[in-house]
Structures are given as C-alpha cells and as structure tokens.
Amino acid sequence: MKYKPFIGVAGNIGVGKTTFTNLVSKKLILEPYYESVDDNPYLSDFYNDMKRWSFNLQIYFLQHRFKHHLEIMHKKNGVIQDRTIYEDTSIFAYNLYDMKIISKRDWDTYNNLFINMTQFLKKPDLIIYLKASTDTLIDRINNRNRNYEKDIDETYLHRLNIYYKNWISKIKDINVLTVDTNNFNIFKDVDKFDKICDEIKNQLKNNYK
C-alpha cells in the first residue's frame, strides 16, 4: 500500500509552519513544499510600504502557490505544503482590503483571478491549522530575527488571527486538525509531536492505497 496524502499546513506569521512542515515531512516521509519567503522580491518592500506593495505581494504569493499546487496534483507520493493557496485570499489579501490598504479595484481583480485559478485545483486531504496567541507570535518573530519583520505591527497580526479563526470555523469540505502551539516546543516535546503525527495518520487513513 502506498501513502500519498496532500496535507496543507495553515497558520499565522511566526507560528512555526516551516519547522512543523519540515519535521512532519521527515517523520511521515512526505515531500515538503515551502512558502517563498527569503527569496520573495516584494516582502521587504511590503513591510516598508504596505499600501504601495500589497497588491504586488499578494499576486506574487498567489502565482507561487498556484505553481506549487499544480505540481502537487501530479505527484505520486505524499506531500505537505507550508501554507495553502486558500489562506492568501481568505485571510491575507482580504485583511489588506478590509484595512483599505488594497483598493476595491485591486481586490476585485485579485479575487477574480483566485477564483479562476482555484476552481480546478484538487483540495488538500487535510489542513493542519497551527494556532498561537498574538503575544506568542510576536515572541517567535523576534526570536527568528528577520530584518523585514522587525517592525511588524502587533495589530496586524491580531487581525490575521481573527481571520484565521473565522476561516477555519467555516471549512466544511476539508478535514481540519487544529494544533495549539502556544506551549508547544516542537524540538523538546517529543511525545506531543509523536501524538500529533499519529493523529495526522488517523485522519488520513483513507489515503493508504
């Protein structure tokens, strides 16, 4: 039997998605797909001037994740993806629109593009939602010390947390596993990590083929 699920790892900035994706991929023998961060040509400009660069940034993330999603659909082995394409529009882009950082014209263009791009995509078999309080996110962002994140606004992160909570609560057609990471050290809490991996396998038992 071959294990070949498609797992999406969702969560706010600084919650630990990349580390989680990396360790789970090794534990469950899955191919990891990572979000484009360090090589993103817009991210630093975005944090310096959100209004000017927000639309460019969201289009970049959308095309990058769409490219990965297409590749994932043709994989013969199991895959785990660091952030899903669905978070782009439902959380990040919409939050910027709601804050009036992205104009209605740009939002409409972006959202229509998202709808056209995603209507033929295979949805993940499981979304793992990593959640953490705003204070925890701030601590982790400070600890990883990325220059372009040093002035990230706490209110911005808090708004994203609210959007994540609303988005997760409305998902009906994809299995969701929520992991509270507030007091979870993935490197030290080995037993808890193993239990999470067992729960992932349990939720994906139909993916053994």
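I call a residue buried under 20% relative accessible area, exposed over 50%, and partly exposed in between, with a 1.4 Å probe and protein chains only. By that scale I logged Lys122 as partly exposed, with a relative accessible area of 36%.

The model is predicted, so I note its limits: local features need pLDDT of at least 70, side-chain atom pairs count only at pLDDT 80 or more, and totals for chains, interfaces and linings use all residues. Residues are numbered from 1 along each chain as its sequence is written, and side-chain values use heavy atoms, with hydrogens and water left out.

Entry: salt bridges. I took a salt bridge as a side-chain nitrogen of Lys or Arg within 4 Å of a carboxyl oxygen of Asp or Glu. With this rule I get 12 salt bridges.

Entry: Lys75 and Glu31. I found a salt bridge between these side chains, at 3.3 Å from N to O. Lys75 sits in the loop between helix H3 (50–73) and strand E3 (79–82), and Glu31 in strand E2 (residues 31–33), so the pair ties together parts 44 residues apart in sequence. I use helices (H or I, at least four residues) and strands (E, at least two) as DSSP runs, numbered from the N terminus. Lys75 is partly exposed at 34% relative accessibility, and Glu31 is partly exposed at 30%.

Entry: Arg159 and Asp98. I found a salt bridge here too, with the closest N and O atoms 3.1 Å apart. Arg159 belongs to helix H7 (residues 154–170) and Asp98 to helix H4 (residues 85–98), so this pair ties together parts that are 61 residues apart in sequence. I have Arg159 as partly exposed, at 24% relative accessible area, and Asp98 as partly exposed, at 37%.

Entry: Lys122 and Asp125. I list a salt bridge between their side chains at 3.4 Å, N to O. Asp125 is partly exposed, with a relative accessible area of 23%. I also traced one network, in which salt bridges that share partners join Glu35, Arg65, Arg83, Glu87 and Asp88.

Entry: surface charge. I found a negative surface patch formed by Asp135, Asp139, Asp153 and Glu154. Patch residues have over 30% relative accessible area and no salt bridge, with like charges joined within 9 Å. Asp and Glu count as negative, and I place the charge at CG of Asp or CD of Glu. Accessible areas come from the Shrake-Rupley method with a 1.4 Å probe. I located Asp139 in helix H6 (residues 134–144), and Asp139 is partly exposed at 47% relative accessibility.

Technical notes
Patches are made of residues with over 30% relative accessible area and no salt bridge: like charges are joined within 9 Å, nonpolar side chains (Val, Leu, Ile, Met, Phe, Trp, Tyr) within 5 Å.
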